[in-house]
Amino acid sequence: MKLTPEEFAAAAAYETQMQTAIRSDYLRNVGRSGLAILVPVYERVAGHKERVNSNCAACILGFLKRLGAIYFADKAEREQQQAAEPTPAAEAAPAATAPRRRRAKAEADE
């Protein structure tokens, strides 16, 4: 996994935009605030400074494709890891018992 949990959560908010960029080669609005969040994530993972012009749709589209490739690879790895791990909560949970039915007051008086 390349992304930290915080970075993964930040990128997950823009998952639909990255998915649209990769699958349809189409740009959905990310906004300047979104780029301000995503660019530092990509720079840390890629290891170099990334210049993304917020007024250039082609620049943003290419950036989302590159970040999306990293994000979806990381997401698949996390899902694979979760599937391989046994869930301790399910094993440790006691068997559920149904509550006993209460008798009606008329039946209790008899």
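Visitor: How many helices and how many strands does the chain have?

Guide: The chain has 6 helices and 0 strands. Keep in mind that this is a predicted model. Along the sequence, the pattern reads α-α-α-α-α-α.

Visitor: What share of the chain counts as buried?

Guide: Of the 110 residues, 27% count as buried. Next, look at contacts between residues at least 6 apart in sequence. Of these, 68% join residues at least 24 apart.

Visitor: How do I read the packing of two helices? Take α1 and α3: at what angle do they pack?

Guide: Start with the angle, then the distance. Helix α1 covers residues 5-12 and helix α3 covers residues 31-46. They pack at an angle of about 135°, and their axes lie 10 Å apart.

Visitor: What do we call α1 and α3 in relation to each other?

Guide: They are oblique to each other. An angle over 145 degrees would count as roughly antiparallel, and 65 to 115 as roughly perpendicular.

Visitor: Is the crossing of α1 and α3 left-handed or right-handed?

Guide: The crossing is left-handed.

Visitor: Which residues meet where α1 packs on α3?

Guide: From α1 come Glu-7, Ala-10 and Ala-11. From α3 come Ile-37, Leu-38, Val-41, Arg-44 and Val-45. Sort the residues of this contact by type: 6 are nonpolar, none is polar and 2 are charged.

Visitor: On to α2. Which of its residues are buried?

Guide: Glu-15, Gln-17, Met-18, Thr-20 and Ala-21 are buried in α2. These buried residues pack against α1 and against α4, which spans 57-84.

Visitor: Let me pick Gln-17. Why is Gln-17 called buried?

Guide: Check the relative accessible area against the cut-off. Buried means under 20%. Gln-17 has a relative accessible area of 14%, so it is buried. Gln-17 sits in helix α2, residues 15-24.

Visitor: What does Gln-17 touch, leaving out residues up to four places away in sequence?

Guide: Gln-17 touches Arg-28, Asn-29, Val-30 and Leu-64. There is also a link to a sequence neighbour. The side chains of Gln-17 and Thr-16 are joined by a polar contact of 3.0 Å.

Visitor: What follows α2?

Guide: Asp-25 follows α2, and its phi is positive, near 55°. This residue is placed in the loop between α2 and α3.

Visitor: Last one: Lys-75. Where is Lys-75 placed?

Guide: Lys-75 is in helix α4. With a relative accessible area of 23%, Lys-75 is partly exposed.

Visitor: How do I compare sequence with space? How far apart are Lys-75 and Phe-8?

Guide: Take both separations. In sequence, Lys-75 and Phe-8 are 67 residues apart. In space they are 8.3 Å apart, C-alpha to C-alpha.

Visitor: Which residues does Lys-75 touch, not counting those up to four places away in sequence?

Guide: Lys-75 touches Phe-8 and Glu-15. With Glu-15 there is a polar contact between the two side chains, at 2.6 Å. Recall that Glu-15 is one of the buried residues of α2.

Terms used
Residues are numbered from 1 along each chain as its sequence is written. This is a predicted model: local features need pLDDT of at least 70, side-chain atom pairs count only at pLDDT 80 or more; totals for chains, interfaces and linings use all residues. Side-chain values use heavy atoms; hydrogens and water are left out. Helices (H or I, at least four residues) and strands (E, at least two) are DSSP runs, numbered from the N terminus. Buried means under 20% relative accessible area, exposed over 50%, partly exposed in between (1.4 Å probe, protein chains only). A polar contact is a pair of N or O atoms within 3.5 Å; within protein, one must be able to donate a hydrogen and the other to accept it, and residues adjacent in sequence count only if both atoms are side-chain atoms. Contact means heavy atoms within 4.5 Å. Axes are lines fitted to C-alpha atoms, for helices over the stretch in contact, and angles run from 0 to 180 degrees between N-to-C directions. Angles under 35 degrees count as roughly parallel, over 145 as roughly antiparallel, 65 to 115 as roughly perpendicular and the rest as oblique. A crossing is left-handed if the near helix is turned anticlockwise from the far one by less than a right angle, and right-handed if clockwise. Ala, Val, Leu, Ile, Met, Phe, Trp, Tyr, Cys and Pro count as nonpolar, Asp, Glu, Lys and Arg as charged, and the others, Gly among them, as polar.
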